[in-house]
Every structure is written in structure tokens, then in C-alpha cells.
Amino acid sequence: MNDSFIQINRISKHFGNVKAVDDVSFQIKEGEFFSLLGPSGCGKTTLLRLLAGFEYPTNGNLLLDGIDITALPPDKRPTNMVFQNYAIFPHINVEKNVQFGLRKLGLTSDEISKRVKDVLSLVKLEGYEERFSSQLSGGQRQRVALARALVRQPKVLLLDEPLGALDKKLRDEMQLELRTLQKEIGITFVFVTHDQQEAISMSDRVAVMSEGKIQQMSSPNELYKNPQNIFVSDFIGETNFLKAKTESKDGEYINVNIENLGQFKVKNSLNISENSSDVICSVRPETMMIDVEKSDWDICLEATIKQTSYLGEMTKFYVETKEIEKVITVSSQYFDNQSFKENKCFISINLNDISLLNKK
Amino acid sequence: MEQKNNTLLIYTLLYFAFLYIPVLFLPIFSFNDANYMSFPLSGFTTEHYEEMWSKTNLHKALWASVKVGVVASVVSTTIALFAAKAFARYKFRGQNISYGAIMIPFLIPEIILAVAILVIWLSLGFKLGLVPVTLGHILFCTPFAMLILIARIEGFDFSLEEASRDLGENAWGTFYRVSLPLYLPGIIAALLLSFIISFDEFVLAFFLTGSDATLPMYMWAQMRFIQKLPHVLALGAVIIVFTTFIVLLAFWLRNLGQGKEKVEFGIKIHE
């Protein structure tokens with residue numbers, strides 16, 4: 001497999017004064033399910049459109065399978081796109097939609113009908129050939145868009161928030177299906193989404209973007225467990241931030257002085273060597289424990305429950321301690337807000353669950 | 001409530017009566033066996049229509065109007081299509097000013113437009129005739145055609161064009177295979193309305209035709225002689241029927257496929 005199948009070299013895209021994509025470089029592997037994740041306006045869609053050829057970069061160049069595609073128009077690139085709103089041609093039926101992109105490939109009519117038949121069976125749309133876009137559900141339109149792009153056997157499939165318009169149940173199903181499909185056909189997928197759960201559950205690697213820059217690029221697991229900065233930590237799931245100052249380094253560990261809590265030894269994931277630099281300690285809500293009694297965990301604080309929200313499979317607690325103004329923690333069915341007398345509780349943290357973040 | 005509805009109904013009927021009764025006199029008198037437009041009617045005849053059809057000057061004028069109308073509608077619709085696409089699709093510097101500039105012939109009195117073209121045309125040393133009339137009509141029809149086409153193209157999902165490019169079609173292929181079929185009802189509506197506007201237009205023709213009369217010019221010339229009035233009435237009746245038909249067709253086409261689904265409109269062949 002080619003590790004630098006897609007090379008993005010110092011790509012910038014400016015719209016007037018806005019730097020939609022700001023000097024971004026990275027590589028995507030062949031056969032990889034790669035996601036671009038970020039809030040709206042972070043530049044992820046612009047980057048995808050640069051790959052598709054709908055935009056041309058202000059600076060930098062793009063290589064696909066060793067070929068410079070920077071200046072190629074969309075119709076000359078070996079990429080195909082699944083649009084956010086699917087963009088199914090409304091004046092022709094499903095079969096003609098799927099055939100649309102085969103005209104210029106120089107195939108015989110037998111080859112064309114075989115390809116169309118195969119791809120429709122791949123996306124489970126046999127029997128829908130005669131339907132028009134207006135006669136299809138959202139999920140079916142999505143499959144048509146997928147079939148229409150895949151039938152050209154592109155080197156890269158670009159997907160622009162393709163699941164955004166579907167309801168939750170269908171979205172979960174399609175996530176699994178897309179993932180299975182991608183493994184089956186082995187085409188490189190570049191998937192744009194603002195939904196962190198979606199990106200984490202489907203991708204081999206995720207690039208988190210903000211303000212036109214890549215904040216972090218790693219496996220979903222790494223992203224969640226070892227976010228490199230506050231933005232990533234906050235964007236990927238919920239977390240609590242505690243201000244701290246570093247003290248002496250101790251092998252793989254470092255002593256930190258957490259504001260109002262005192263000195264603790266935590267994993268030095270940032271590999272910081274200097275003393276007294278400002279850092280942030282991040283603690284995920286689900287790693288904490290909430291209880292009616294004191295525990296023997298590394299840190300245990302008396303707390304008052306300010307607010308609770310019941311989420312079905314768990315309850316989320318917003319609590320306050322003497323030391324920390326606002327803490328979010330969650331508990332499974334075991335506790336709910338009825339369990340605590342006068343809203344008094346104890347929250348506990350293990351030092352292993354504290355991760356260090358750069359203060360930026 | 002009942003009372004209010006009746007008032008509105010009466011108002012509506014009066015409105016349409018005022019609008020259409022004078023127009024209905026034309027067909028009625030065109031079948032009347034007399035040279036004057038007056039009651040009581042003296043008998044039914046189709047001889048005015050026969051007389052109308054026997055005039056060779058009328059044939060010449062009709063042919064002139066059709067030529068001018070076809071050229072003016074095709075040219076103005078083509079110009080309007082590109083302009084409408086630019087206005088609906090892109091944001092560019094000077095957009096509002098150029099929009100206003102195209103719309104101005106729609107708003108300024110026609111006689112001013114006519115006199116201005118006449119003065120310039122003659123000072124350039126050209127002869128009056130159907131060419132300056134056609135040019136004037138193009139100027140006059142373009143804003144109409146553009147209004148119709150902008151209504152059609154606005155709300156058009158431009159990712160359809162991107163999808164086509166993405167699927168290997170170049171700009172022309174995309175226009176031919178995606179944009180044109182989807183704009184087509186609007187284009188035909190714009191063609192028909194521009195044709196009718198040109199076909200019925202009098203003021204520009206009056207100033208610019210010289211000796212080649214268009215149909216409205218011919219009618220105006222005939223009306224000066226009382227004995228020629230009846231066949232002008234017959235001609236008027238025919239034009240009313242023809243115009244109404246074309247306008248209804250244009251509006252039906254303009255709305256085709258719109259309504260229920262604003263975002264994904266198109267020619268619904270399957271319905």
C-alpha cells in the first residue's frame with residue numbers, strides 16, 4: 001500500500017481576506033478511510049473541494065498517486081464525490097444517473113450495463129432503475145449518489161457530510177454500511193464531517209481541523225485518549241479542564257501543581273522538560289466516579305450537585321467543589337439525582353486518567 | 001364574513017368586466033355584417049375574415065412581424081439566459097448596477113427609447129427598416145426574458161452542475177446534459193413571451209420601420225379608412241386568441257415542475 005497516495009503539500013486557499021485553508025500539509029494512505037473533522041467554517045469542505053477540483057488552491061500543490069493534479073479540472077481527476085445534498089439529476093432516472101459518468105470512459109454497452117448492474121447491487125438498489133429522485137427516500141438517494149460515484153471506479157471517493165440529512169437510526173446503519181463497503185472495495189475514502197462520533201466510529205485516521213489548520217491527525221483512539229491541545233480535547237467528546245503548572249520531570253511522569261488541588265504526578269504525554277510552564281489537565285467525565293461516600297481514589301473531593309440531566313443510558317451531573325468551580329461527570333444507571341441527600345456527593349479522579357494539554 | 005366575501009366577489013367580477021368586455025367587442029363585431037361598430041348587430045358573417053385573408057399587404061406585414069419576433073425572441077432569450085445565469089449563480093462586482101442597466105428599457109417610456117434609437121440610427125447613416133426594429137425589440141424583450149429566467153434559475157441546485165463536472169463532463173457537456181434540460185421550461189417560456197411582446201409592439205415599430213410595416217403598424221394604417229375597419233377587427237380577434245394561447249402556454253411552462261419541490265425541480269417526464 002502506498003503511504004503517500006494523496007499528498008497535500010503546503011496547500012492554502014484564501015477567499016478575499018479569509019484563509020479557509022491555511023498552509024496545510026499531510027498525506028493520505030492508499031485504501032484508507034480518512035476523515036476531515038471540524039466545526040463549520042473550519043476549512044474541511046474547502047479542502048475536500050480542492051481535492052475534487054471545484055476550487056483551486058491559492059498556494060501549494062496536490063499529488064494523487066504520484067501525479068500532480070493541482071491544476072486539473074474536476075472532469076480530468078480520478079476522484080468522484082458524494083455531495084452533501086446528493087445532487088441526483090432530477091430529470092433522469094436512477095439508471096441514467098448511474099450511467100451518467102460512464103459516457104466518456106469508452107466502454108461498450110455491455111460493459112456499461114454490467115457495471116451499472118453490479119454497482120446497484122453493491123448499494124442494494126436493484127429494482128430502482130426506473131425511479132426518479134423525487135420518488136426516493138433520503139437513504140435511497142444517498143445510495144444512488146454513492147453508486148453514481150463508485151461506478152466510475154475512482155481512485156479516491158470524496159464524501160461531503162453524506163449522512164447529515166438522514167435521521168439518527170438510518171445514519172447509524174449507513175455508518176456501518178459505508179465502513180463495510182469501503183473495506184470491501186478498498187477504495188480510498190476522504191470523508192468530511194462535523195460529527196465527531198461519526199468520524200471516530202468510521203475512520204482509520206482523522207484530521208481535526210480548526211481555522212483552516214490541522215489541529216491533530218491520528219487514529220480515532222489516539223484522538224480521544226491523547227488529544228494534543230484544548231481544541232481537540234474539547235471537540236472530541238466532553239471534558240473538564242484544570243489549570244496547572246509543571247514542576248520537576250520524573251522519567252515518563254511529571255509533577256504538576258493543579259490550581260487549588262496541589263501537587264500530583266501524572267503521565268508526561270507532552271514530553272515537557274522545563275519547569276513552571278502553564279499546562280491544562282484534562283479529565284474525561286466518564287473516567288470520574290460520583291458516589292455518596294468518600295473513595296480511596298487518588299483525588300476525592302466533596303461536591304455539591306448543581307444540575308443533572310438524564311440521558312437514558314446514563315445521567316450527567318454538573319457539580320461544584322470548593323476547589324473547582326464546575327465539573328461535569330457522568331454515571332451509569334447506578335446513580336441518579338434521587339440518590340444524593342441535599343445534593344451532597346463525592347467525586348473521585350485517578351491520576352492515570354489525567355492527560356496533559358498544551359495551553360494555547 | 002358572508003357579506004365581506006360577496007363584496008370581494010362583486011369587486012372581482014367588476015374588475016374582470018372592465019378588463020375584458022372592451023376586448024370582447026372585437027370578436028363580436030368582427031362577425032357582424034356591417035362596416036360600423038355599433039349596436040344593434042345586423043347579422044352574422046365571416047366575410048370580414050375572408051377579406052382579411054385576401055390582403056397581400058397583410059401577408060407582408062405578418063411575415064415581417066414573424067421575422068422580427070423570431071429573431072428578437074431568440075437573441076434576447078439567449079442574452080437573458082447568460083445574464084440570468086450570471087446573476088443567479090455568481091456574486092460579482094457591479095452586479096446590482098448591471099442588473100439595473102439591463103432592466104432600464106423595461107422602465108423608461110418606450111417612446112423615449114424609440115426616439116433615441118431613431119436619432120442614433122439615422123445619424124449613423126443607416127436606413128430605417130426591420131433591422132432597427134429588431135434591435136429595439138431585442139433591447140425591450142431582454143429584461144422580460146431575464147425576469148422569467150432568473151425566476152427559473154434562482155433556487156437551482158448548482159451542485160448538480162458540479163456533480164456533472166465531477167462525473168467527467170466538461171463545461172459544455174454539463175450545460176447540454178444537465179443545465180439546459182432543467183432550464184428548458186423557463187427558456188421556452190421566455191422565448192414565447194419575448195415573441196409575443198415583439199409581435200404586439202407598436203411604438204418602436206412606428207418610429208423605426210420606415211416602409212416595411214409590421215402587423216401592428218399595418219393595423220394602425222388601415223384604421224384611418226372606415227371601410228377597412230371590419231377586417232382589422234377580424235385580424236384583432238385572431239391576434240387576441242393567438243396571444244392568449246401563447247401567454248397561457250408560457251406561464252404553464254414557467255411553472256412546470258416548480259411548486260411542490262422548490263429545490264429539485266425539473267421536467268417531470270414520469271408524471
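## Two domains in chain A

Please keep in mind that this is a predicted model. The domain assignment divides chain A into domain 1, covering 6–232, and domain 2, covering 238–358. Taken over C-alpha atoms, the centres of these two domains of chain A are separated by 39 Å.

## An open sheet

Now let us turn to the strands. In chain A, 5 strands make up an open sheet, and its order is β13-β12-β11-β14-β20. The pairing in this sheet is antiparallel. At the edges stand β13 (262–267) and β20 (354–358) of chain A; each has a single partner strand, so one side of each is left without a neighbour in the sheet. On average, neighbouring strands of the sheet are turned by 45° against each other, direction ignored.

Let us look at one pair within this sheet. Strand β12 of chain A, residues 253–258, is joined to β13(A) by 6 bridges, and the two run antiparallel. Opposite Ile258(A) stands Gly262(A), which belongs to β13(A).

## Where the chains meet

Finally, the contact between chains: 21 residues of chain A are in contact with 20 residues of chain B. The side of chain A that touches chain B has 11 nonpolar residues, 6 polar residues and 4 charged residues.

How values were computed:
Residues numbered from 1 in each chain as written. Chains lettered and ligands numbered in written order. Predicted model: local features only at pLDDT ≥ 70, side-chain atom pairs only at ≥ 80, totals over all residues. Pairing = 2+ DSSP bridges. Helix = DSSP H or I, 4+ residues; strand = E, 2+ residues; numbered from the N terminus. Axes fitted to C-alpha atoms, helices over the stretch in contact; angles between N-to-C directions. Domains from an automatic or database assignment. Contact = placed C-beta atoms within 7 Å. Nonpolar A, V, L, I, M, F, W, Y, C, P; charged D, E, K, R; others polar.
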